[in-house]
Amino acid sequence: MTPHNESCRWRIAIAAALLLLMAPTVHGEPPAVLDALFAGERLTIERDALIARAELPPDQDFRVVEVDRDAHTSHHVVAIRRREQPHRHDRHDLLVVLLRGYGSMLLGDEERPLGVGSILYVPRGTPHAFRNTSAQPAVAYAVYTPPFDGTDRTPID
């Protein structure tokens, strides 16, 4: 399998799983969860508990919490009170699902509205930034490939 096909395969699989995570819970049905295998161990977190991992204290505007990682991806919960500075990741592709809140996302040279359940794919090198317009901090689930190293974030003016 070529690296491009493998990259497409993981994006499709993650997007499908995240769509299930966003499905509304109906009385009597199981809750929406993140269910994943990391290093051979199963991790299951209910959606509300996943969102709670990134709760912001009143004096904090932005928070990233790593959920887990494997050899190919790292998984994070991100909370944003107002907006993030436009930036790009030169060595990482990014898949984002909005779990709570709403706002708009600059992706490339266009800004578009987003609501809960929106799924974004941000190819490496693409300028992007989220602006929260909801009353509470917005929370997203973010998957980087390769695993995020903490240094690949270049601000854009």
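**Surface, salt bridges and a pocket in a predicted model**

The protein exposes about 8,700 Å², and carbon and sulfur atoms supply 55% of that area. The structure described here is a predicted model, and the values that follow were computed from its atoms. Of the 157 residues of the protein, 43% count as buried. The protein has two helices and 12 strands, and from the N terminus on these elements run in the order α-β-β-α-β-β-β-β-β-β-β-β-β-β. Among the contacts in the protein with a separation of 6 or more, 64% are accounted for by residues 24 or more positions apart.

Side chains of opposite charge can pair when their charged atoms come close. A search of the whole structure finds 12 salt bridges, including one in which the side chains of R82 and D61 meet at 2.3 Å, N to O. Because R82 lies in the loop between β4 (74-80) and β5 (87-88), and D61 in the loop between α2 (47-52) and β3 (62-69), this pair ties together parts that are 21 residues apart in sequence. D61 is partly exposed, its relative accessible area being 34%.

A further salt bridge is formed by D90 with R88, where the closest N and O atoms are 2.7 Å apart. D90 is partly exposed, with a relative accessible area of 35%, and R88 is also partly exposed, with a value of 25%.

In the salt bridge that D152 forms with R91, the closest N and O atoms are 3.9 Å apart. This pair links distant parts of the chain, since D152 is placed in the loop between β11 (138-145) and β12 (154-155) and R91 in the loop between β5 and β6 (93-100), 61 residues apart. D152 is buried, with a relative accessible area of 2%, whereas R91 counts as partly exposed at 41% relative accessibility. Elsewhere, salt bridges that share partners join D61, R81 and R82 into one network.

The second largest pocket holds about 310 Å³ of space. Its lining is made up of 24 residues, of which F62, V78, E84, A142 and Y144 lie nearest the centre of the pocket. The elements that give two or more residues to this lining are β3, β4, β6, β10 (128-132) and β11, and β11 gives the most, with five residues. By residue class, the lining of the second largest pocket divides into 17 nonpolar, five polar and two charged residues.

I80 lies in strand β4, and it is buried because its relative accessible area of 6% falls under the 20% cut-off for buried residues. When residues up to four places away in sequence are not counted, I80 touches L56, D61, F62, F130, N132, P137 and A138. One of these contacts, D61, is the partner of R82 in the salt bridge described above, while another, F62, is among the residues that lie nearest the centre of the second largest pocket. The C-alpha atoms of I80 and A140 are separated by 8.6 Å, although the two residues are 60 residues apart along the chain.

Note on methods
Residues numbered from 1 in each chain as written. Predicted model: local features only at pLDDT ≥ 70, side-chain atom pairs only at ≥ 80, totals over all residues. Heavy atoms only, no water. Helix = DSSP H or I, 4+ residues; strand = E, 2+ residues; numbered from the N terminus. Buried < 20%, exposed > 50% of the residue type's maximum accessible area, 1.4 Å probe, protein only. Contact = heavy atoms within 4.5 Å. Areas by Shrake-Rupley, 256 points an atom, 1.4 Å probe, with all protein chains shown as cover. Salt bridge = Lys/Arg side-chain N within 4 Å of Asp/Glu carboxyl O. 1 Å grid on protein atoms, 1.4 Å probe; cavity = no way out; pocket = protein on both sides within 12 Å on 5 of 7 lines; lining within 4 Å. Points joined across faces, edges and corners; volume = space filled by probe spheres on them. Nonpolar A, V, L, I, M, F, W, Y, C, P; charged D, E, K, R; others polar.
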